[in-house]
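Here are my notes on the model, for you to read alongside the coordinates.

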Amino acid sequence: MAEKIKFVGGKLEKIAGKMLLLLCICIFCGLTYYSAKYTMVDSIMDIQDNPGLNLLILAVITSAAVLLHGILHIDRLRFVRQRLIMWRPYILGVLSLYVYIISLIWVLNSHVAPGGDGSPLCNVAHRMITGNFVDMNTAGYMTIFPHQFSLLSVIHLIFNLFGVWNYQVFQHLNALCMPLLFYSGYKFLQIICEKSEVIIYYTLFFLGCLPLFLYVPFVYGEVMSITFTMVLMWQVLRYCKTGKKSCFLWGTVAIVLACIVRKNSSIVLVAAGIVLIIHSIRKASLWGVAWILLMVLTVSGSDQLIHAHYEKISGFEVAGGVPYISWIRMGMQDSWTGPGWFDNSSIDIYREHNYNTEETALAEKEHLREILNTMWNDKSYSIDFFRRKILSQWNSPGYLYIDETGQFDCEPYELPEPVKRIYYDDVPTVLAYMNRYQFMLYFYAAVSAIVLFADRKKEHCTAEHLLYIAIVGGFLFSALWEASSRYILPYAVYMVPLASLGMYRLTTIITTKIINCRYLRIPYKS
């Protein structure tokens, strides 16, 4: 019986893997094409890009990678490869420290103050410390957005321990997460491919991800959730490869923390669940299923405990808030802010129904049905709507960094010169760099999926595809939910290891299959 289950699991793994990669190829190639031709400045502006310049930069970078590949494989430089392998742990430590120092310097000098949803949450935490729980009463902020209670608990705890409005502690925690994020991505990549070139490309892609560093002072769950979900994916891959049960502890803690600071982290939890279920079938073991059940229960339990805590100290019940279907309905309609972008209509409808979650949900279902009927009857509009919505998020290289992190605790003229240049004087230059970076990221991620799909020699376990599953999940989620390019930042970071693999695989193919380099001894290993 166990052998039959393993056989079915193996077949399921192969079929699911090929279908996933085929879907990723379609998504990544589409994003690469549009990223080469267009760029989005905000939710409604579609600006013609410079495809020739993008391709020229791509050719230069790929040529440099091919040259590096050749240099590292010259027999006379074999000792360099050996030293890189020997010193890799020390190099990793130095690079992790460097990532932290960059993040810390930016936190100390950027003067970024809470903005976006972080600002009202800081105000709520301040009022709660003084014994004022008006935000949990009818029409209060937490009545409308109860899904933010978990993140509120983190800010509330920081204010209790370190002083009211000492949001800098949150920013320093973000900075501390950055080396952990770098390390987790490295460890995930190392399990798949230990080549020194891949690690070099990964380091360059990570350090070049400027939007990620700009979001470090952002008082919200972006950086922490990206970090802890990457830790979870590393632990899932590690468990599937080694079977070590210690992964259960670190992975569970990571996903609980990720979901506390950002509910959208549940997308990665679902991706991990898919991998663990397929792995359990393939191995005819229930350990993977038990782990995913443990993670679901701990994430749900932590959320309920936080709600119970605030109900106890405030005397108010946690309201149902704006129903989830409101965010889907808002994400499916055009508005003055852009296709599916936030326009406050979900809150207005909630207010019109006297802050009653059930009545609001019924009204939103009817409204959503009308929108879907319109889309069904007008296919051309539907295609155009989703094209605009997806590109307004996935082809926006700035990820709304100016809107979300552009609030400061001082006057603009008091800002350090580098900060003024990034946010005021040289914004077009910064966005141009991010635009080229995004194109490279999509292109090499597409290459990684294509080469992996075409590889019939080596078997790959589903866990190696975990990053792809998470990105596809985020892509589908972005098509349905309220739109914002800020929500895409985690998936851009998840593409960094994939782009590193793609660059290595492309340079290997070019060097071994196209260029006749007789003085090199380069075994072809994808």
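1. Ground rules. This is a predicted model, so to speak of local features I need pLDDT of at least 70, and side-chain atom pairs count only at pLDDT 80 or more, while totals for chains, interfaces and linings use all residues. Residues are numbered from 1 along each chain as its sequence is written, and side-chain values use heavy atoms, with hydrogens and water left out.

2. Cysteines. How many disulfides does a search of the whole structure find? The count is 0, taking a disulfide as a pair of cysteine sulfur atoms within 2.5 Å. For Cys122, the closest cysteine sulfur is in Cys177, 17 Å away and too far for a bond. (Buried means under 20% relative accessible area, exposed over 50%, partly exposed in between, with a 1.4 Å probe and protein chains only.)

3. Surface patch. Have a look at Met86, Trp87, Tyr90 and Ile91, which form a nonpolar patch on the surface with about 470 Å² of accessible area together. Areas are Shrake-Rupley values with a 1.4 Å probe. Met86 sits in helix α3 (residues 78-86); helices are DSSP runs (H or I, at least four residues), numbered from the N terminus.

4. Cavities. A cavity here is a set of points on a 1 Å grid over the protein atoms alone where a 1.4 Å probe fits but cannot get out, and lining residues have an atom within 4 Å of a point. The lining of the largest cavity includes Ser225, Arg262, Asn264, Tyr487 and Tyr494. Two or more lining residues come from each of α11 (222-242) and α23 (489-514).

5. Two contacts across the sequence. Ile325, in helix α15 (residues 324-330), is buried at 18%. Ile325 and Ala363 are 38 residues apart in sequence, with C-alpha atoms 9.9 Å apart. Val164 lies in the loop between α7 (149-162) and α8 (168-192) and is partly exposed at 38%. Val164 and Ala125 are separated by 39 residues in sequence and by 8.3 Å in space, C-alpha to C-alpha.

Note on methods
Patch = residues over 30% accessible without salt bridge, like charges linked within 9 Å, V, L, I, M, F, W, Y side chains within 5 Å. Salt bridge = Lys/Arg side-chain N within 4 Å of Asp/Glu carboxyl O. 1 Å grid on protein atoms, 1.4 Å probe; cavity = no way out; pocket = protein on both sides within 12 Å on 5 of 7 lines; lining within 4 Å.
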